[in-house]
Amino acid sequence: MRGIEISNLKVGQKLARTIYDDVGRVLLYKGTIIKRNYIKRLQELGIPFVYVEDELVGPLEVEELLHDSVRIQSVKIIRETVEKAKISKEIDIRKVSEIVNKILDDIFASPSLLVTFQEITSKNLHFYNHCVSVAVLAIITGMVLRLDQLKLKNLGMGAILHDIGKSLVLGKDHTVVGFNLIRQNKDINIACAHVAYQHHERYDGQGYPRGLKEEQIHQFAAITAIADYYDNLVNPEVSEERMFPYQAIERVVAESGLAFHPQLVKAFSRNIAPYPIGSLVRINTGPLGVVIGLHKNFPTRPIIKLVTDEYGGTIDYFPEVDLLKEKTIFVNEIISEKERDRLGLGKSNGKLIIENGEFRFEDEKLKNENVNG
Ligand SMILES: [Fe+2]
Ligand SMILES: [Fe+2]
């Protein structure tokens with residue numbers, strides 16, 4: 001499985017994750033073979049990328065941090081909350097609180113807390129998905145910091161509402177407007193309002209609206225600031241500017257001690273997989289490989305299935321390397337879809353078969369012929 005830009009999507013590829021429309025109905029099921037008119041429809045909806053099954057390694061089981069159903073419901077609630085705030089200038093806190101509880105339950109139930117997916121979202125839902133993603137990223141960072149249940153709840157509430165001010169005003173004022181919107185509610189913790197107010201403040205004092213610095217910034221706001229920055233890099237409004245997770249996490253780390261609190265950057269990076277499952281990567285010794293597994297707490301040390309020799313030549317079996325064990329091996333870069341096409345990888349329609357510890361391809365076409373007699 002790998003993420004692929006719509007512009008690189010080809011007829012005949014197989015979807016590895018279900019795609020939903022703007023109201024949460026299934027648009028295309030996982031397993032669907034891509035046809036020309038599907039690509040057109042996805043483009044119309046402004047969906048920037050999808051996940052397809054990787055021809056080299058076949059289907060991979062990936063655990064989800066947030067189930068599709070919870071994500072869809074959260075996006076729906078945030079959308080309603082924003083629409084309502086536009087008219088009534090009030091927030092329905094009860095609904096937001098309920099959905100944050102569901103997000104927390106889902107995250108607590110996830111065996112590893114690794115972020116391995118980028119969310120597939122249509123243009124119309126981009127902003128609401130951003131709010132939900134920032135909440136998820138903030139919560140898992142809070143868990144690394146061992147915040148208690150109540151604090152995680154307030155952090156999640158603040159993070160999901162961090163940009164609520166944008167329902168009334170765009171530009172820098174969305175921080176102050178958001179603060180006042182949230183503050184009106186007697187039932188909500190004031191820390192949540194501070195997240196909206198301070199999520200553009202920077203550790204070095206270069207942020208807004210007040211130019212607060214270091215410990216003057218509320219911890220929840222400082223965490224949300226990192227989550228917000230990261231999500232805007234991997235899921236930007238202009239999808240052509242989308243970064244790979246490893247590039248985005250590098251940018252976050254580069255701001256450690258500048259824009260962001262060093263300890264919080266460290267906690268944040270713990271759960272982000274820079275090379276998500278399905279990534280085609282080049283390792284330092286030369287060969288290309290596909291990321292097929294991740295270790296909890298060691299996101300930079302994935303398990304890789306090699307698919308070429310050290311010169312990029314084809315090989316007929318695919319050895320696995322576990323970077324947690326092979327300490328001298330590391331990932332150099334992610335290979336883009338264009339590069340991949342140029343290398344001619346993944347052209348085979350065959351299915352990978354593992355037999356007696358050996359890997360070989362079974363050609364789908366041959367298999368069908370055999371079945372048909
Ligand atoms: Fe903001
Ligand atoms: Fe934001």
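**Loop position, core, sheet and domains**

Ser167 lies in the loop between helix H5 (149-160) and helix H6 (174-183). Helices (H or I, at least four residues) and strands (E, at least two) are DSSP runs, numbered from the N terminus. The model is predicted: local features need pLDDT of at least 70, side-chain atom pairs count only at pLDDT 80 or more, and totals for chains, interfaces and linings use all residues. Residues are numbered from 1 along each chain as its sequence is written, while chains are lettered from A and ligands numbered from 1 in the order in which they are written.

Ser167 is buried, because 22 other C-beta atoms lie within 10 Å. A residue counts as buried if 20 or more other C-beta atoms lie within 10 Å of its own, as exposed if 12 or fewer, and as partly exposed in between, with C-beta atoms placed from the backbone. Neighbours within four places in sequence aside, Ser167 contacts Val82, Ala85 and Lys86. Contact requires C-beta atoms, placed from the backbone, within 7 Å. Thr141 is 26 residues from Ser167 in sequence and 26 Å from Ser167 in space, C-alpha to C-alpha.

The largest nonpolar core holds 94 residues. Val50, Ala135, Val136, Ile160 and Ile226 have the most contacts inside this core. Its largest share, ten residues, comes from helix H4 (residues 126-144). Such a core is a set of buried Ala, Val, Leu, Ile, Met, Phe, Trp, Tyr and Cys residues joined through C-beta atoms within 7 Å. Residues up to four places away in sequence not counted, Ile160 touches Ile78, Val96, Val100, Cys131, Val132 and Ala135.

Five strands form an open antiparallel sheet in the order E8-E7-E6-E5-E9. Strand E8 (320-322) and strand E9 (331-334) stand at the edges, each with a single partner strand, so one side of each lacks a neighbour in the sheet. Strands pair if DSSP finds at least two bridges between them. Strand E7 (residues 298-306) and E8 pair in the antiparallel sense over three bridges. Glu320 in E8 is the bridge partner of Lys305.

The protein chain is divided into domain 1 (2-52), domain 2 (68-269) and domain 3 (280-371). These bounds come from an automatic or database domain assignment. The centres of domain 2 and domain 3, taken over C-alpha atoms, are separated by 35 Å. Five residues of domain 2 are in contact with four residues of domain 3.

Definitions and conventions:
Two residues are in contact if their C-beta atoms, placed from the backbone, lie within 7 Å.
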